[in-house]
Amino acid sequence: MLIKLMKHEFRATSRIILPLFLVILVLSFGMSFVVRNGENVTNPVLETLVVIIAAAYFISLAAVFIVLLVLMINRFRSNLLSDEGYVMFTLPVSVHQLVWSKIIVSCAWCAVTIVVVGLSGFIVAFDLSFMDQFRAAFAELWQKLNVYYALNGTAIVIEALILFFVAYAAGCLEFYSAMAVGYSFDRRKVLMSVVFFFGFQFVMQFIASVAMLGFNLEEFMNNLFYNFGAMSSIHLFFGISILCTIIYGAIFYVITTQMLQKRLNIE
Amino acid sequence: MTWSFQNDTPIYAQLIHTMKQQIVAGVYATGEKLPSVRDLAAEAGVNPNTMQRALTELEREGLMYSQRTAGRFVTEDRNMIEAAKKALAEEQVKRFLTAMTGLGYEISDIIALLEQEENKGDVSCQQS
Amino acid sequence: MSAILECNKLSKRYGTVEALNSVDLTIQPGKIVGLLGPNGSGKTTLIKLANGLLTPSEGELLIQGEKPGRVSHSLVSYLPERTSIPLWMTVDQLLDFYSDFYKDFQRTAAVQMLENLSINTKQKIKELSKGTREKVQLTMVMSRKALLYLLDEPIGGVDPAARDYILNTIISNYNPDASVIISTHLIADVEQVLDEVIFISKGLILLQSTVDEIREEKGVSVDALFREVFKC
């Protein structure tokens with residue numbers, strides 16, 4: 001059933017975000033032309049066109065991230081907390097499956113967005129000399145890391161990716177839980193959601209700062225390096241970060257699912 | 001689409017009445033197979049359970065019979081239908097008489113009125 | 001036969017407002033039941049509780065002996081008070097949606113019903129009129145072979161032709177193992193399709209009886225009795 005929920009969630013979201021990806025890729029080709037020939041253009045009409053393309057390109061890049069955020073928030077709100085909720089919450093699925101389908105699809109779009117933006121950068125900069133230099137520098141750095149510091153670069157990249165997506169999912173859940181609480185009120189649902197979002201932020205930062213009181217990251221890392229060696233301590237650092245983020249997300253997950261199960265209040 | 005009903009008597013009783021009229025009038029011919037309960041209910045716009053109850057009653061009275069697999073049929077006994085027709089007619093007459101006596105007419109006056117009506121023309125008589 | 005829906009001392013409060021007050025109720029299979037009461041009497045609250053959209057304050061509500069949840073959702077077909085199908089979908093996508101989630105969804109029957117209503121399934125639901133959207137959702141709800149149909153105000157605010165269509169759909173989908181609960185305040189319109197009626201007022205069940213019993217014993221229609229009971 002989770003797969004089916006995700007299928008329809010993809011259907012609902014792809015109609016908005018896919019056209020935007022297409023726009024970015026088309027503009028990338030335009031931008032690619034601008035980067036290569038922009039300085040040689042003398043015709044005033046073409047000059048204006050160059051400016052417009054460049055502006056549109058950067059706006060589209062910014063827009064895709066905004067759409068990603070808005071879509072994440074709005075799908076949860078419109079699909080679960082407004083009229084459509086009558087249909088969604090009476091499907092033979094659990095509340096957990098509903099929430100997970102939203103998280104997974106949002107994470108998936110985030111990943112696709114990163115790939116599309118990367119691809120767009122590649123289109124724009126392909127074959128340019130600075131790109132080659134950049135690539136060479138990166139390869140060198142990679143090799144040095146692996147050889148001199150005996151780091152496993154691949155493992156670190158994987159760990160960083162896991163951390164990124166766990167953090168993204170936890171971020172989604174923070175928005176979801178604020179809305180799940182805000183929409184349980186009879187009136188001023190949106191306002192209450194915003195209030196609870198900042199409330200949660202404040203509480204979590206307060207807890208974190210209390211927990212970090214007397215905690216010195218540099219000292220901690222030095223201790224780790226000293227006790228476990230460079231490689232292990234970086235893995236450990238990632239491990240602890242991932243764990244903390246999971247706990248952070250889990251708190252909001254519990255709030256979200258409990259509110260949806262016990263205090264659902266669709267108009 | 002739906003049949004109309006009076007407010008003061010049970011719907012199944014009204015269904016029985018209407019079905020009888022339809023059989024007598026030949027809407028459903030002697031020995032004809034009747035539509036399913038669900039279709040009849042849909043036609044009348046009533047609950048299938050109510051229609052079922054009416055049909056069971058009509059079966060009990062002998063105006064219909066059902067065969068286990070083939071369905072439900074109007075009786076082939078013409079005498080039975082004739083008797084039902086007579087009963088309906090008597091009921092109409094009684095109702096008419098009650099209304100007329102309520103207006104203060106004597107039976108003889110009523111007969112005179114009916115004859116007068118008949119002489120007015122053939123049209124109205126043929127219709128009734 | 002075991003009850004399809006059962007309420008035991010079911011109460012629901014919103015803050016201090018008592019929407020349902022210790023309701024005991026049993027619905028048997030094969031019945032079309034009218035849940036009748038003025039606005040704000042607790043009809044929608046009861047139906048929402050049966051769909052797990054609300055949690056009881058006290059007591060319990062069971063569907064086939066189980067609390068509302070994934071299992072009951074697969075047995076119950078629910079028409080909410082408000083049209084709530086996703087507007088961005090085309091009718092075809094909505095058919096996909098119902099086929100995917102409900103094993104008992106009869107897609108061919110639904111397509112046939114939509115055709116009878118001359119609704120183009122390629123069209124987006126957003127582009128349909130309010131009345132047509134209602135009919136589309138009703139088609140989805142009635143095209144399931146469910147055990148219990150919960151129809152919340154299905155005939156409120158529709159034109160007479162649509163009302164006849166709705167009642168006809170309910171009758172022709174009748175199944176002796178299933179039950180239908182129709183909540184409404186427009187009794188005259190539904191009276192003839194009902195087996196039983198439940199009068200509800202201020203969160204209390206005032207009466208549960210068959211339509212024939214009311215007409216036979218009191219010699220009045222349910223509508224007339226309703227007007228008498230709820231006289232202002």
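Residues are numbered from 1 along each chain as its sequence is written, and chains are lettered from A in the order in which they are written. In this predicted model, local features need pLDDT of at least 70, side-chain atom pairs count only at pLDDT 80 or more, and totals for chains, interfaces and linings use all residues, while side-chain values use heavy atoms, with hydrogens and water left out.

Two pairs of chains are in contact (heavy atoms within 4.5 Å). Of these 2 pairs, chains A and C share the most contacts. Chains A and B do not touch. Their nearest C-alpha atoms are 27 Å apart.

The A–C contact draws 27 residues from chain A and 26 residues from chain C. About 2,500 Å² is buried between the two chains. Buried area here is the accessible area (1.4 Å probe) that two parts lose on being put together, summed over both. Carbon and sulfur atoms account for 58% of it. On the chain A side, Tyr86(A), Thr90(A) and Pro92(A) lose the most area to chain C. Together they supply 25% of what that side buries.

The A–C interface holds 3 salt bridges (a side-chain nitrogen of Lys or Arg within 4 Å of a carboxyl oxygen of Asp or Glu). One of them joins the side chains of Arg11(A) and Asp96(C) at 2.9 Å, N to O. The elements of chain A that give two or more residues to the side touching chain C are α1 (2–37), α3 (84–88) and α9 (230–262). Helices are DSSP runs (H or I, at least four residues), numbered from the N terminus. The largest share, 7 residues, comes from α1(A).

Chain B is divided into domain 1 (11–77) and domain 2 (79–120), with bounds from an automatic or database domain assignment. Their C-alpha centres lie 27 Å apart. In chain B, 12 residues of domain 1 are in contact with 7 residues of domain 2. The two domains bury about 850 Å² between them, 71% of it on carbon and sulfur atoms. In domain 1, His17(B), Val24(B) and Asp77(B) lose the most area to domain 2, together 58% of what that side buries. Between these domains, the count is 0 salt bridges.
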